[in-house]
Amino acid sequence: MVLAVETINLTKEFNSFKAVDGLNLQVPEGSVFGFLGPNGSGKTTTIRMLLGITKPTSGEGKVLGLDIVKDSLNIRAKIGYMAEVPEMYGYMTGEELIRFCRGFYPSWEDGLVKKYSELFNLPLKNKISSLSKGMKSQLALIIALAPNPSLLILDEPTSGLDPIKRVQFLNIIMKEIVGTGKTVFFSSHLLSDVERVCDRVAFIKNGRLVKTDSMDKLKTQEKIIRAVFQKEPPPGFFEKPGIKKVQREGNGYLISVEDNFEEIFEACKKMPNFLIEVIDQNLEDLFVAYVGGDNDV
Amino acid sequence: MKLHFYLQPSSGVPIYKQIIKQIKHAAAGGLLSAGDQLPSVRELSEDLTINPNTVSKAYQELERDGIIEIIHGVGTFVSKGNIFMEEKEKEGLMKNAVKQLFTEAYHLGFSFERLKGLFLEAYEDAAVKGRKGD
Amino acid sequence: MWPMWEVTMMFSITLFKKEVRESRWKIIIGLIIFIITAVSIPFTFKYVKELLPMIPELPGLEGFDRYLANYNIYTWSQWNGKNLYQVGTILAIIVGMNLIAGEKVSKTLEFLLARPISRSSLYFTKFSAGLLSLGLVIFGSTVFLYILSVIMGYELLAGDLFISTLITFIGFIFIFTLTFLISTVLDEPVKVGLLSAFVLLLLAIPGWFQKTRQLSVFHHMSAAEYFLEGKFPFLPLLAVLLLSAGMYYVGIRIFEKKQP
């Protein structure tokens, strides 16, 4: 598996606060990777390190095979990036900003700019300060796509868009980037978007990676089994690989499974029981389970 | 014909499985007939705003199961020859439904007799509607 | 050894254009002010020369008549010795204060840093753009002054005028670099301007006393030594340039670590 992004023990400290703490990420080429976590969990800091905007305190990282410290200039030339709130020079018109950015990239394609601005129907002659938030995002996306990047890094790309614009935005990314075998790495807290388009996700909390897996595997393996057994299961019954947590519920159990689901489910069914049922977990349930609650409110 | 897909991205079922299930049911139920063309990976992913990789994965699995045929450069078609759902698969689906019924009944504290009454009542209803429908 | 990319990208034309565009009003207004000041010199020379002997000795004006000896020396006293360095100092602060802090306050720094340009070239390009804007105003208006004087029939020594202006400009490099450094540290242009002005005020204090005025950058900037005594102040100018280079180096170090 070729990796578009890889980090090894990537760490960033501000004074003594660890914004990112020993992060190990692997983003396969050609995937749509969702980078999920509550606000302040280190998503933006991680992305800034990948781009070389912020230097890591320790650990290392590679983007498209290039070192994030030594080769950040090349990385920035080869990827498209859109910040969470794309603040651009408000006094310029869209056209002027495009011309300004064009001068930085050896691989800039005017044809792509034309194609997307027509698609978005963006008024490029207007001053950026007069554009709506959605239009600004679209302009930022055009600029991110124009150098024809093989990796697109988006920080909360859809949070400022209305539902219609969001669908349009995601469709373009799916069609133009994923459809051509390129990689998308995006952070988001809009889980419904992530659930639609991502094939891999990582959950991050307090700068640490809590879980990373393919979306399909999460949805087929991450489940809760509710069971009421006729008699107490033998000691050690719950000590199976893949069982994450066991809670009592009245005279039954709630068994949280993260892997090895079929085997565990079969084992439960074999025990004489009054009730066995499977509770599916969607991304929101998983998000709350992995990164929700306690100390980060 | 254009098949209408109902996706629930936020359910606990992977999206590619939802697509597989809908195409299988449509093919088995006669909504799709042999030779019908399915939307391309690109079209479907754009229609549903989902990852094209997900659509590809579903199509590949359907092709492996002989439900569809992907002819490169031409399109994706429902396989020639009748598609029957295998008996075992049918039984599996039914079993699940019945099981769910009993789980629900258990939670609500229904006795077996009471459940049986409801069961027969529903069966009568469905049978009447079925005759009218013919 | 720097990688090739780094060397070829030391200077970004597209960024340079943007910076010049952002400071274009400063350049235009600066030019207008300087041209008005320049115009006043040939026009006032005659009147001042005729008027001065009529007024009784005023305290503070002793020795002023020596500046009226000829047009050449009068021009120097009004231009390098007064207007150019006073207004130019303010202009150097105004041109320098926005360069980095302005990006921070408009929240565009992240957008800029995400472009494929190294921090050192970014810093260098902004520095050159500011300095060139400043140079354009200073030398542009000096050229105007020269042409106007010649047209009006005055004899003006071009060599003396431009060497004096160069000396004054080296002082502006110092003021501009100081402001640029503060612009890298503080995040608000107005605060940058005020702090820079305050630091310069402190640096001006030695210039008020005969004993210490060698230590003041403003003393050297007026080019008095060169113009009145004919000595080119190599050592003081070298010291000013070295100090500026030091501030530039510190600034780039701080900028390398700057968070958007």
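Apart from its neighbours within four places in sequence, Ser214(A) is in contact with Asp199(A) and Arg200(A). The structure is a predicted model, and every value given here is computed from it. Although Ser214(A) and Arg200(A) are 14 residues apart along the chain, their C-alpha atoms are separated by 4.1 Å. Ser214(A) belongs to strand S10 of chain A, which covers residues 208-214. With a relative accessible area of 18%, Ser214(A) counts as buried, because the cut-off for that term is under 20%.

Chain A also contains an open sheet of 4 strands, whose order is S2-S1-S4-S5 and whose pairing is antiparallel. At its edges stand strands S2 and S5 of chain A, each of which has a single partner strand, so that one side of each is left without a neighbour in the sheet. Strands S1 and S4 of chain A pair in the antiparallel sense over 5 bridges, and Ile8(A) stands opposite Glu60(A) in S4(A). Helix H1 of chain A packs on this sheet, where it touches S1, S2 and S4 of chain A, and its direction makes about 115° with that of S1(A). The residue ranges of these elements are set out below.

| Element (chain A) | Residues |
|---|---|
| Strand S1 | 3-14 |
| Strand S2 | 17-28 |
| Strand S4 | 58-63 |
| Strand S5 | 66-67 |
| Helix H1 | 43-51 |

In soluble globular proteins, nonpolar side chains tend to be buried together. The largest nonpolar core of this model has 148 residues, and those with the most contacts inside it are Leu97(A), Leu139(A), Leu141(A) and Phe185(A). Helix H8 of chain C, residues 158-185, supplies the largest share of this core, with 13 residues. Once neighbours within four places in sequence are left aside, the contacts of Leu97(A) are Met88(A), Tyr89(A), Met92(A), Ile128(A), Leu139(A), Ile143(A) and, from chain C, Phe111(C).

Chain B and chain A meet through 23 residues of chain B and 30 residues of chain A. The area buried between the two chains is about 2,100 Å², of which carbon and sulfur atoms give 51%. The count of salt bridges between chain B and chain A is 2; a salt bridge joins the side chains of Lys57(B) and Asp216(A), with an N to O distance of 2.6 Å.

Technical notes: Residues numbered from 1 in each chain as written. Chains lettered and ligands numbered in written order. Predicted model: local features only at pLDDT ≥ 70, side-chain atom pairs only at ≥ 80, totals over all residues. Heavy atoms only, no water. Core = buried A, V, L, I, M, F, W, Y, C linked by side-chain atoms within 4.5 Å. Buried < 20%, exposed > 50% of the residue type's maximum accessible area, 1.4 Å probe, protein only. Helix = DSSP H or I, 4+ residues; strand = E, 2+ residues; numbered from the N terminus. Contact = heavy atoms within 4.5 Å. Pairing = 2+ DSSP bridges. Axes fitted to C-alpha atoms, helices over the stretch in contact; angles between N-to-C directions. Buried area = accessible area lost by both parts, 1.4 Å probe. Salt bridge = Lys/Arg side-chain N within 4 Å of Asp/Glu carboxyl O.
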